[in-house]
Amino acid sequence: MNPIPNALCFGDGLPGVGAPCHVTVSADGLTMVPVGTSPLVEEAIAFADMSVEAGGLDHDQLVVSWGTGSSARTLYLKDPALIIAFRRAAPAELTAHLERAAVQVRRARHGHRLLWGSVLGVVFGLGLLLWFGTDLIVEWAVARIPIEWEQKLGESVYQDFLSKETVLKEGPAVSAVQEMTQRLTDKIRDNPYKFQISVVQSPVVNAFALPGGYVVVFTGLMTKAESGEEVAGVLSHELNHVLQRHGMERMVKMLGLAAVVGILLGDQQGLTGLAKQVGMELVTLKFGRAQETEADVTGIRLLSDARIAPDGMIRFFERLSEKDKARVEVFSTHPMSAGRAERLKAELAALPKRTPEPFTFQWKTIQDSLGVSDPKK
Amino acid sequence: MKCEILYPGAFPMVRVYLDASETVKAESGAMVAASPTIDIESKMEGGFLGALSRKMLSGEKFFFQTLRASRGAGEVLLAPTVPGEIVLLELDGVNEYMVQKDGFLAGAEGVKIESKMQSLTRGLLGGEGFFILKIGGTGHLVLNSFGAIHKIELKPNEEYIVDNSHLVAWTSTTTYNIEKASSGWIASLTSGEGLVCRFRGPGVVYIQSRNPGSFGNWIRQFIPVSE
């Protein structure tokens, strides 16, 4: 009975696919026995007469060659057990070739794995980037928006909004808000914005800031506040949303990839067009939790720098939260959680103690003026 | 199992004789006719995951059919989808063929089929995709091609250059590199050859005389565009 073939032999007069044969390893060489009907004859090859290298499609086959001219033969061994037996039996002078062959195989496999590994890594990395890095991409893109664009965008929404509302042009309330803003903005380092503040006649207990430095304070907020410091606290928080460009970040996030590409290409018109789609939503824009925290922390620092008692905002929120939670708008855009209050208090404790300087106005007078000027009250 | 090619040329068929309880694996949908003693089983070669990976990764059919002569000896007629020659190969246990994903038509029970991942450059540029079929084991193997099938025998270290979309199958003792057809990129693209495979022997490479992709492009111009 024919033995099972474990190698292929190539050479003149042999089939192109190779002649199947059975190879055994002995102490001084190989013995090759043809399998099936083949022009191949049984042959014993001494280690001294052969050369060895790695070959085949994946460099995982052992290629043994011997002879010259028409009697040249090449043997392809694939069976791992046979290759190991060969390497054990082969003499030292052949081993050098073999080791080189083995290193080649390992290198080929290693390279293969490395390549696929890095491809998977890149795909995985991109996935991670999209999953966690959206904020980073958005921040990066926003940092490339010129302040002028931001101002143009903010201004159009601001004017739109004001045209539908009753704006207080003068009076004690307006001068009080102006005084607060002045004291706060004086302490902002490298301020690129020219802040514009309007007081709007409305029972809404809230204030908001638009990109570009346009801030609106509702009289409802001022009538609910027990001191100027409380309003200044909210104002400082809003100013810091502008300074950190939170509005732009939210907008770019809402508009998505199209906005980022627009920014990269410097396409101001396209971006403004996109922003128009968002339009008035900017007024009721909800900031993210991280953005609120950032505005809280920088807001409280700014208050402290401006020597305005920095606990006003916390007191205002805590007082309101107990009774008016459901109908006070400020909570819908600034949800106050226990954790947030705690963080604010911790931040407050960490700040250097500064003696607060009072405002020049009497809060009572301001509130009286609002009560008089608001016929609904 | 015995195989015979009927009507050799562009529209051939394979007649497979099966002894009682013998089986043959075939590309799904390849059966044309069979004796009443033959049962058709749909079998996922390599288990469900193996079949799934073959489907997902190489675009090869999810299932192979297994035709079993369960009620006595009989014959099966098999034919490929595309017009083109069929080649019969005999696997002896040491020979292994790499087959591009549409090339497999049928194989004896002892024939083993697995999906093999190619290296990145070969997968990206070779034109056969990242996954090809690695077929080994023992018994008859039937491959089909688009157009005529041509066998190239390579002696040790002999080289031959093949346009990658004409490849059908090659033995695992050969190696190949992907190259530009001409020395410059522009010339490579304008010559219409693009990338080619430089094969190095020993071993055998089967190529097809027609390029399925080019044929598709050519025939597209005659297909009326629906409104």
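The entries below go from the interface to the rings and then to one serine.

**Ground rules.** I am working with a predicted model, where local features need pLDDT of at least 70 and side-chain atom pairs count only at pLDDT 80 or more, while totals for chains, interfaces and linings use all residues. Residues are numbered from 1 along each chain as its sequence is written, chains are lettered from A and ligands numbered from 1 in the order in which they are written, and side-chain values use heavy atoms, with hydrogens and water left out.

**Interface.** I looked up who takes part in the contact (heavy atoms within 4.5 Å). Chain B brings 27 residues and chain A brings 20 residues. I then looked up the buried area, meaning the accessible area (1.4 Å probe) that two parts lose on being put together, summed over both. For chain B and chain A this is about 2000 Å², with 64% from carbon and sulfur atoms.

Next I searched for salt bridges (a side-chain nitrogen of Lys or Arg within 4 Å of a carboxyl oxygen of Asp or Glu). The interface has 1 salt bridge, and I found K78(A) and E96(B) joined in a salt bridge at 2.4 Å, N to O.

**Rings.** I took rings of Phe, Tyr and Trp (its six-membered ring) as paired if their centres lie within 6.5 Å, with planes under 30 degrees apart stacked, over 60 edge-to-face and the rest tilted. That gave me 16 aromatic pairs over all chains. F161(A) and F218(A) have ring centres 6.2 Å apart and planes at 80°, so I logged them as edge-to-face. Both F161(A) and F218(A) are buried (under 20% relative accessible area; exposed is over 50%, partly exposed in between; 1.4 Å probe, protein chains only). W170(B) and Y176(B) are also edge-to-face, because their centres lie 5.6 Å apart with planes at 90°. Both W170(B) and Y176(B) are buried. I also noted a cluster of F146(B), F215(B), W218(B) and F222(B), linked by ring pairs.

**One serine.** Which residues does S202(A) contact, leaving aside its neighbours within four places in sequence? I found F218(A), T219(A) and G220(A). S202(A) counts as buried, at 10% relative accessibility. A polar atom of the S202(A) side chain lies 3.1 Å from the backbone nitrogen of V204(A).

How values were computed:
A polar contact is a pair of N or O atoms within 3.5 Å; within protein, one must be able to donate a hydrogen and the other to accept it, and residues adjacent in sequence count only if both atoms are side-chain atoms.
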